[in-house]
Every structure is written in C-alpha cells, then in structure tokens.
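The exercises below are to be worked with the sequence and the coordinates side by side. Each task is followed by a solution that goes step by step.

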Amino acid sequence: MQLPASNKKYILSAVLYVAAVISVPFFVGFSPYYLYLSTLVVIYIISVMGLNITLGYAGQITLGHAAFMGIGAYTVSILTLRGWSFWPAFLLAGLISLLLGAIIGLPAIRVKDHYLAFVTLGFGSIIFLFMTNEEELTGGFRGLYGIERPQIFSLSLSSDRAFYFFVASFLLILTAAGLWLLNSKWGRAFKAIRENEKRAEMVGVNLLAYKVAAFAIGSLYAGLSGGLLALLMRFIEPTSFPVTESFWLLIMLVVGGRGRFEGAFIGPLVVMVLPELLRGTEGLYFVLFSLISLFILIFWPSGLAGLLETLFEKVFDREMPGLTK
Amino acid sequence: MFQLILSGLAIGAVYGLVAMGFSLLWQTSQTINFAQGDFLTVSAVLIVILVGSGLPFPLALLLVLGAVALVLGYIYKRSVIQPLIEKDPHSIIVATIALSFLLRNSVSTFWSTQTHRFPITLGEGTYRLGTVALSKHHLFTVLIAVALIGGLQLFIKKTKTGKAMRAVAQNREAAEILGIDIQLVTTIVFVINGLLVAFASILVAPTYMVSFSMGTTVAHKAFYSAIIGGFNQLHGALLGGFIVGIVESFTAAYVSTQYKELFVLILLIATILIKKQGILGTEEY
C-alpha cells in the first residue's frame, strides 16, 4: 500500500516540529542539567499535545489531565519494580490510561463545560488520594524509588543523552500520529463538536463515540508521557500529579495556543525554559507568569501560536503554511 | 455525636458561605471562580499583616473588607471577567485559574511561605450542656455564618438591588430589556462575593492557621458543596455546604481521616451524573 501524498506531508511536518525541539540542546549545550530540562520539556509537550486533542480540538474541558500522567507513571513504576520488563509495562500504562480516559469521557455525553470541569476535577482528586493513601501499592507520600531505564537491543538508556533521544523518538511518533488524526475524519469530527455540538450531531457526527475518543486519546498521550517521566526521574511521588498540576498543563496549553498544533510545543517550552533564563527570580517568575497568562487570555485568546500566525500574515501577507487548526 | 454534628455544621457553614458566593457569581455571570480559595487566603493574610503592624482587629477587618470589595470585587469583574464573558466558557475557567496562581504565588513570594497564627479566636474551650461538650469556636462559627446568610437573604429578598440580582439570574436578556443595568448588578454581586469570602476567612483562619495555601482546600470543598446542593439556587449551595460538612466530620470519625475526602468526591460525581443541577437546582437552558 502506498502512502497518500497527504500522509507524507504529516510525516514531514512532524519531522520538522520534532527537529525544532531536538535542536534545543545543541544550542544550550548537553550539560546534564540542560539535558534533563530538555527531556522534561519533551515529556510535557507529549502530555500537552494530548490535552490539546481533548480540549483544543474537541472542545472538552478537563481538569484531570495530570492524573493520567500519574496513572502512567505509577503503572510503569509499580510493574517494573515488580520485575516486569519495560515494554509490557509501558504498553499496559498506555492501555489503562486509554480505558480510564474513555470512562472519564462518558460523562461528557451528559454534561459539559463547568459540570465536566468538576467531574474531571473530582476524578483527579480521587486519583491523587489513591496515590497518597494506598501505601502498599504506591509508597504513599514517600513515593517509589529505583525505577530502572530499559535497554533497547544493546543500547543502554542509562546515559542521559541516549534517554533524551529515546524520549524524542516517542515525540516524533506521537506527533505524526496526532497530525494524522487531526487531519483525518476524526479531526474534522472533533472540530465540528467544538464549534457547535448540536449542528455536529445533526450532520451525523456520533457524539458519544467522538467525545469518548477525544478523552481516551488525550489521556493516552498523558499516560505515555507519565510513563516516560517515571523513567526520567527514576523515582516518583504523588506531589508531581496533584490537581494544580492539571491547572498548569491547562495554562501551558492556553499560553501556547489551544486548537493550534504548535500550541502544545510552544506552551511547555515557554513555561519551563523561561524560568531558567530568569533564574534567581524564583517565586517572582510565577507571579509574572500568571499575570502574563491572564493578559494572553484576555487579549490573545489564540495564545502565542495565534500571535505568531498573525505576525506571519502581517509580514508575508499570506497564511502560515502547514497549519493544523 | 452532638460534637460531630456541631463541628460538621460549623465547617459546613463556612463551605456554605463560600459556596453561596460561588453560586451568586454563577447565576449572574456564568463565572466559575477558581480563585475563590485564594480570595480567602488573601483576606486572612491581609488581616494578619495589618494586625501585626499594630492596628486593632476591627479596624483591620474594615480595611480588608474595603480592599477586597474594591480589588477582588470591582476591579476583578471589570478587568478580567467582563472582557471574557462574551467569549467561550473555557476562557473564564482558565482565567480564574491563572488569577488563582497569581494570588497564591504573590502571597508566597511577597509575604511568607510559613504558617502563621491568626490574631483572634472566636472563643476557646467548651460550653457544657449536661453531658455534652460544645466547642465555643464551632458554636460561634455557626452563629456568625447564620447571621451573614440571613442578612444576605434579606438583602436579596427585600431590597431593590436584590430584586435586580434575582432578575438577572433568572434571565439576563429579559432583565436588560426591562432596563436593569446588568453590568452594575454583576459588579455588585462580585463585591458581595468578595465580602462573603472575606468573612468566611475569619471563620476558618483560627483553626486552619494562615498560609499561602489555606484557601485551596476550603474552596474545593465549597465547589463540591455548591454542585451537590445545586449551585443555580442559593439555598442549594447552602444545603450542599452543610451536607459536605457533616459527611466529612462523620467519615473522619467513623471511617478514616485519610479518605474523608473520598466520600464527598463520590457524592459529587454521583450528583452530577444523576441530577447535574444538584439536589435543589433547577433546569438550566
């Protein structure tokens, strides 16, 4: 079977996106700290990309996204610590996130907007309670230690550089998959639901199926990113996945630009790299950043990605090419 | 047993107050205020700072109420909510979350990351009624909350402004056609919300202690209360507060303190899925 020309286009733009991200350490240097930071950014890009599918494209709000990162991280950690090898554990982490995501998507049929926000908030809180209190399984507040990175063929991922490229290859795969999905019939259905649910239903979009799918796929991305996070840190604790973390992910997406594919890349990059440039300001940075997020919401609801597009149009007098809006 | 009911009612009354503010904002402007808890924190912190600098408590309280009404009521409504109200509901949700981070980080950066004692108490020790010991703090909390709730109800029922608030809540467009200044009414509601939350902060601060994160838990419980009771009805939000307070104090005593939140969360999700408007809530269009 030959790939249609349009699919080649998505693979090409996926390569471009990921190349842009991977080039970061080549600029800032491969020092252990920068490598760690770059890996962290890539992991968060994967998670926010999932949130973008659920919220940005399908228009379904969720305040429980970090809980799925937690589910992925804990699944991988608990299983590998009990002697499973990485791949089956990682696959299972993805599968559990996908299924739980689908279940969380079910209420979206009956309720939306603020009610949905609260159902997902409740879910996130329950998962957090579970992580802190089921000590035998999760280690409680002490967390879980000694998570081993896997070997791929004969290549060990214990070196930070090798691990960075391992994570980046996941970014590549998930970016290509996301671009393909959003430009397919699925993406069109998502956007139809976001724009006008009743109209979408009238023209034959199966609301149940697509809403559940939007949640399931978004949660799958979060679960996988959580699994990678556990490998990066080699230790996990519940305080990495509280409800406020879901809020941060939401802000990363909104600052980056929801419903714009670049948004999921720009958001985590800005939110996580900027504090490095403003080091020494510590708390003040968060104050400034929350203030900037508020301004962006009020004045440029399409986020930095939208701002970039507008600038491009002003300068070159034509629309930015290769957009997946 | 009586102790449990009283402590449940006391904390429930606080949840109820915060939930009522939340419900008012929702009814008149479809705003879900995720910064509600940080409003509470900021009010308590300001009182600690003012009293610490030598002001008597009543004067400090008055100043804080004024500041809260101005900044977290008027300015918040004008600069953040008003521009976003016509856009999508998600923007308002995220904006209030951003504001919540702003307030929280401002408090921890410019004030302190430590826990501080609140300068006043609502009474220490207990009253004895036969064999039952009633905590003074809980008793006064309930009394003050009931007075505030009664006052608010009177205001809404008896005054012209209250009538306008009810009209806007029932039907925005119709209210506007009838010549009600919707922006003004909404602003008044934001001011009332700020005041309610500031009073709630005085009720919880003596037991919770004052820190940059003190409001978060209270606010989340208040949200849950509002939704369980029905947040498009004021008395629904209040009922929810008492339900959550009592469920919490009983599960903490008889089941487990670790999971005292779990029952409330299950109640929350079940409510939304069974009757999303909550126990006393009415159908929305």
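**Exercise 1.** Which residues of the largest nonpolar core touch the most other members?

*Solution.* This is a predicted model, in which local features need pLDDT of at least 70, side-chain atom pairs count only at pLDDT 80 or more, and totals for chains, interfaces and linings use all residues. Residues are numbered from 1 along each chain as its sequence is written, while chains are lettered from A and ligands numbered from 1 in the order in which they are written.

A nonpolar core is a set of buried Ala, Val, Leu, Ile, Met, Phe, Trp, Tyr and Cys residues joined through C-beta atoms within 7 Å, where buried requires 20 or more other C-beta atoms within 10 Å of the residue's own, with C-beta atoms placed from the backbone. Among the 190 residues of the largest such core, the most other members are touched by Ile45(A), Ile251(A), Val14(B), Val18(B), Phe22(B), Ala98(B) and Ala200(B). Leaving aside residues up to four places away in sequence, Ile251(A) touches Ser293(A), Val94(B), Ile97(B) and Ala98(B), a contact being a pair of C-beta atoms, placed from the backbone, within 7 Å.

**Exercise 2.** Describe the side of chain A that touches chain B.

*Solution.* In total, 30 residues of chain A are in contact with 32 residues of chain B. On the chain A side, H7(A) gives the largest share, eleven residues. By class, this side has 21 nonpolar, seven polar and two charged residues, with Ala, Val, Leu, Ile, Met, Phe, Trp, Tyr, Cys and Pro counted as nonpolar, Asp, Glu, Lys and Arg as charged, and the others, Gly among them, as polar.

**Exercise 3.** What percentage of the 285 residues in chain B is buried?

*Solution.* Buried residues amount to 51% of chain B.

Conventions. A residue is buried if 20 or more other C-beta atoms lie within 10 Å of its own, exposed if 12 or fewer, and partly exposed in between; C-beta atoms are placed from the backbone. Two residues are in contact if their C-beta atoms, placed from the backbone, lie within 7 Å. Helices (H or I, at least four residues) and strands (E, at least two) are DSSP runs, numbered from the N terminus.
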